[in-house]
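My notes follow in the order I took them.

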Amino acid sequence: MNLLEALLAAYPTLSEREAKGLILAGKVLIGDTPQTKPGIPVAETVELRLRGIKKFVSRSGEKLDSAIQGLQFPVTGRSFMDIGSSTGGFTDCLLRRGARFVAAIDVGKGLLHQKLRSDARVQVLEGYDFKKIQPADLWQQPEAFVADVSFTSIEPLLPLAFDLLKAKARRREALVLFKPQFELPRAERELLDSGILRDQNRAGELISAFSQRLANAGILTETVQPAAITGRHGNQEYILHLTRP
């Protein structure tokens, strides 16, 4: 595979002419190094970045994309729920990686990017309290889910989300963004510095306790991976790969 082919695979909305122009202009980076030769050979697993150009409709897509690649999490041809979809960074990432259906669910309204609203593979469920979602609300029964919620703990939603997955799915699994600042017990909020939990040892303890409680509910934490970029205000977040046998 050469650089041009890798760029077209990573950014399928680009035309070959557009992709070649970006390379020649030095806007395609491997690591922090600009690449200017479309024909140079690269590994199929290479991570490309575009200088000054967003890959997804929001930066959260970069967090999910990095985890999918690092964990070799299967997306192509599968149906998903995106819990806490907001602008749609996770949904955009899933579609670009070949998901056949995404139910984008958020308690807010008017947040999802217009290009995702008009995509036939996306069911927009705005103004929905996820705790009240019923199987009949979904166009398709999902095989897996992703989740990114703020200002509340993700934990109470997880058993409900797994209950909505297709019983005969090849593997019932999820990629969930764990935000330590929202999982910290109320009595410990003084540990936050302008909303940021800087004590990564405490963050690790929170993840361990969280994973143990999930295990007690029959949900396994397969992998914990630091998010590729920090949260908007600087918090280190984590992607958890969860399964339920």
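I started at Ala 203, which lies in helix H8. I take helices from DSSP as H or I runs of at least four residues, strands as E runs of at least two, and both are numbered from the N terminus. Is Ala 203 buried or exposed? Ala 203 has a relative accessible area of 0%, so I logged it as buried. My cut-offs are under 20% relative accessible area for buried, over 50% for exposed, and partly exposed in between, with a 1.4 Å probe and protein chains only.

Next I looked up what Ala 203 touches. Leaving out residues up to four places away in sequence, I found Pro 180, Leu 197 and Tyr 238. Contact here means heavy atoms within 4.5 Å. Ala 203 and Tyr 238 are 35 residues apart along the chain, and their C-alpha atoms are separated by 9.6 Å.

Two notes on the source. This is a predicted model, in which local features need pLDDT of at least 70 and side-chain atom pairs count only at pLDDT 80 or more, while totals for chains, interfaces and linings use all residues. Residues are numbered from 1 along each chain as its sequence is written, and side-chain values use heavy atoms, with hydrogens and water left out.

**Gln 200**

I stayed in helix H8, which covers residues 200-216 and includes Gln 200. Gln 200 counts as partly exposed because its relative accessibility is 32%. Which residues does Gln 200 touch, not counting those up to four places away in sequence? I found Gln 236 and Tyr 238. Tyr 238 is also on the contact list of Ala 203. I also checked Gln 200 against Val 146: they are 54 residues apart in sequence, and 24 Å apart in space from C-alpha to C-alpha.

**Whole chain**

I counted 8 helices and 12 strands in the protein. The C-alpha trace spans about 55 × 45 × 35 Å along its principal axes. Buried residues make up 46% of the 245. Of the contacts with a separation of 6 or more, 57% are between residues 24 or more positions apart.

**H1 and H2**

I then turned to helix H1 (residues 3-10) and helix H2 (residues 16-24), whose axes come within 10 Å and cross at roughly 120°. That angle makes H1 oblique to H2. Axes are lines fitted to C-alpha atoms, for helices over the stretch in contact, and angles run from 0 to 180 degrees between N-to-C directions. Angles under 35 degrees are roughly parallel, over 145 roughly antiparallel, 65 to 115 roughly perpendicular, and the rest oblique.

The crossing of H1 and H2 is right-handed. Right-handed means that the near helix is turned clockwise from the far one by less than a right angle; anticlockwise is left-handed. H1 brings Leu 3, Leu 4, Leu 7 and Leu 8 to the contact, and H2 brings Glu 16, Ala 19, Lys 20 and Ile 23. By class I have 6 nonpolar, no polar and 2 charged residues. Ala, Val, Leu, Ile, Met, Phe, Trp, Tyr, Cys and Pro count as nonpolar, Asp, Glu, Lys and Arg as charged, and the others, Gly among them, as polar.

**Val 42**

Leu 3 came up again at Val 42. Beyond its neighbours within four places in sequence, Val 42 contacts Met 1, Asn 2, Leu 3, Ala 6 and Ile 30. Val 42 sits in the loop between strand S2 (33-35) and strand S3 (48-50). Its relative accessible area is 14%, so Val 42 is buried.

**H3 and H4**

The axes of helix H3 (residues 60-71) and helix H4 (residues 89-96) come within 7 Å and cross at roughly 40°. H3 is therefore oblique to H4. The crossing is right-handed.

**Loop residues with positive phi**

Gln 72 has phi near 55°, positive in a residue other than glycine. I placed Gln 72 in the loop between H3 and strand S4 (79-83). Gln 72 is exposed, at 70% relative accessibility. Phe 151 has phi near 65°, also a positive value in a residue other than glycine. Phe 151 is in the loop between strand S7 (144-147) and helix H6 (157-163). At 74% relative accessible area, Phe 151 is exposed.
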